[in-house]
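Please read it alongside the sequence and coordinates shown here.

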Amino acid sequence: MSPMRDPEEATDGPTDPRVHPEQSPGFDVDHAGLEDIEVSREDVEIGEATPRELSAADTSLIASESATEKLERLATGDAVERQRAALSLAEEDRDPAVVEALITAGMEDDDADVRQFAVEALAKLGGERAGPAAVEIAEDDDPWVRAEALVALDRIDRETYADRIDDALDADHHAVRRNALVSVFKRRGEDALEPLLDAVDDESERVREWAVHLLAGVDDDRARETLREVADDESEPRIVRGTAARALEADPGRFRRQFTGALDRGDTTLPGEDHLNRQPDL
């Protein structure tokens with residue numbers, strides 16, 4: 001049942017202080033649903049990151065600044081300042097100057113984290129320029145920026161950008177595939193059975209984990225049989241097997257109801273906490 005593991009999966013991600021292991025559906029919690037798409041709790045290396053770099057997502061440090069001051073930081077600050085400014089600009093009104101600055105940062109900044117935070121902020125602001133910009137940013141060289149751009153498209157209008165999101169099911173990076181898979185389930189519900197079954201054989205255990213998690217919302221014999229196979233498959237990591245076992249116990253209708261709200265209805269509750277990595281509220 002299990003495909004060959006990707007040897008690069010645990011080492012190819014960025015340092016990201018927002019990402020925590022407990023944000024996985026299979027992490028020692030009996031989740032019946034998922035509130036939001038998650039970028040990753042894997043592939044993170046703390047490395048040589050400084051405390052200042054690790055606090056880049058703490059927008060409370062500049063919350064009292066004006067939009068003009070934040071735009072100045074985004075234009076002229078160092079990488080940490082630009083990252084914080086990009087995230088903080090999501091809290092401003094949808095002013096054309098703010099939107100254009102975030103689009104420019106999302107497409108052109110030389111720091112991948114700035115681009116990632118910029119497209120996140122752009123999606124929160126919304127507007128007619130946000131979607132087309134996120135489509136372009138979804139072609140970024142950095143996979144984590146692409147993954148965030150998929151979340152942005154889902155948040156802005158998952159129906160309008162359904163084809164682009166569906167295409168990402170075959171992306172070359174697991175975080176992008178996973179985000180696309182969750183968006184497809186949020187849009188299609190039980191009709192997402194086929195892509196979910198396909199994802200159960202994904203080379204990434206994180207994609208497989210989310211696939212079996214989402215199969216909890218499909219009332220179908222093939223879904224249940226697949227979940228039983230995964231739960232009994234000793235070659236699967238414990239976290240995937242445990243997630244499959246819990247999915248078998250879930251009520252499909254209740255599970256699906258957890259996915260009825262749009263991503264942009266949520267609020268960030270902690271400094272730097274992204275909707276991608278929020279603990280599901282069940």
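## Arg115 and its surroundings

A polar atom of the R115 side chain lies 2.9 Å from the backbone oxygen of D109. This is a polar contact, a pair of N or O atoms within 3.5 Å in which, within protein, one must be able to donate a hydrogen and the other to accept it, residues adjacent in sequence counting only if both atoms are side-chain atoms. R115 belongs to helix 5 (residues 112–125), helices being DSSP runs of H or I with at least four residues and strands runs of E with at least two, numbered from the N terminus. With a relative accessibility of 11%, R115 counts as buried; the class buried means under 20% relative accessible area, exposed means over 50%, and partly exposed lies in between (1.4 Å probe, protein chains only). Apart from its neighbours within four places in sequence, R115 is in contact with A105, G106, M107, D109, D110, D140, D142 and V145, where contact means heavy atoms within 4.5 Å.

The model is predicted, so local features need pLDDT of at least 70 and side-chain atom pairs count only at pLDDT 80 or more, whereas totals for chains, interfaces and linings use all residues. Residues are numbered from 1 along each chain as its sequence is written, and side-chain values use heavy atoms, with hydrogens and water left out.

## Overall architecture

The protein has 14 helices and zero strands. Of its 282 residues, 54% count as buried. Among contacts with a separation of 6 or more, 72% are between residues 24 or more positions apart.

## Helix packing

Two packed helices are described by the angle between their axes and the distance between the axes. For helix 5 and helix 7 (residues 143–157), the angle is about 0° and the axes are 9 Å apart. Axes here are lines fitted to C-alpha atoms, for helices over the stretch in contact, and angles run from 0 to 180 degrees between N-to-C directions. Helix 5 and helix 7 are therefore roughly parallel to each other; this class covers angles under 35 degrees, with over 145 counted as roughly antiparallel, 65 to 115 as roughly perpendicular and the rest as oblique. On the helix 5 side, A112, R115, Q116, V119, E120, A123 and K124 take part, and they meet W144, V145, E148, A149, A152, R155 and I156 of helix 7. This contact has eight nonpolar, one polar and five charged residues. Ala, Val, Leu, Ile, Met, Phe, Trp, Tyr, Cys and Pro count as nonpolar, Asp, Glu, Lys and Arg as charged, and the others, Gly among them, as polar.

The axes of helix 4 (residues 96–108) and helix 6 (residues 130–137) come within 9 Å and cross at roughly 10°, which makes helix 4 roughly parallel to helix 6. I103, G106 and M107 of helix 4 meet A133, E136 and I137 of helix 6. The residues of this contact divide into four nonpolar, one polar and one charged.

## Buried elements

Helix 11 (residues 205–214) is largely enclosed by the rest of the structure, because 10 of its 10 residues are buried. Its buried residues pack against helix 9, helix 10, helix 12 (221–231), helix 13 (238–249) and helix 14. At the start of helix 11, a side-chain oxygen of S204 reaches to within 3.2 Å of the backbone nitrogen of R206.

Q83 lies in helix 3 (residues 79–88) and counts as buried at 8% relative accessibility. Leaving aside neighbours within four places in sequence, Q83 is in contact with A56, D111, D113, V114 and F117.

## Salt bridges

The structure holds 24 salt bridges, each defined as a side-chain nitrogen of Lys or Arg within 4 Å of a carboxyl oxygen of Asp or Glu. One of them joins R256 to E190, with the closest N and O atoms 3.2 Å apart. R256 lies in helix 14 (residues 252–257) and E190 in the loop between helix 9 (174–188) and helix 10 (193–199), so the pair ties together parts that are 66 residues apart in sequence. R256 counts as partly exposed at 27% relative accessibility, and E190 counts as partly exposed at 31%.

R206 and E205 form a salt bridge with closest N and O atoms 2.9 Å apart, and both residues are buried. The side chains of R224 and D219 meet in a salt bridge of 2.7 Å, N to O; R224 is partly exposed, with a relative accessible area of 28%. A network of salt bridges links E65, R73 and E81.
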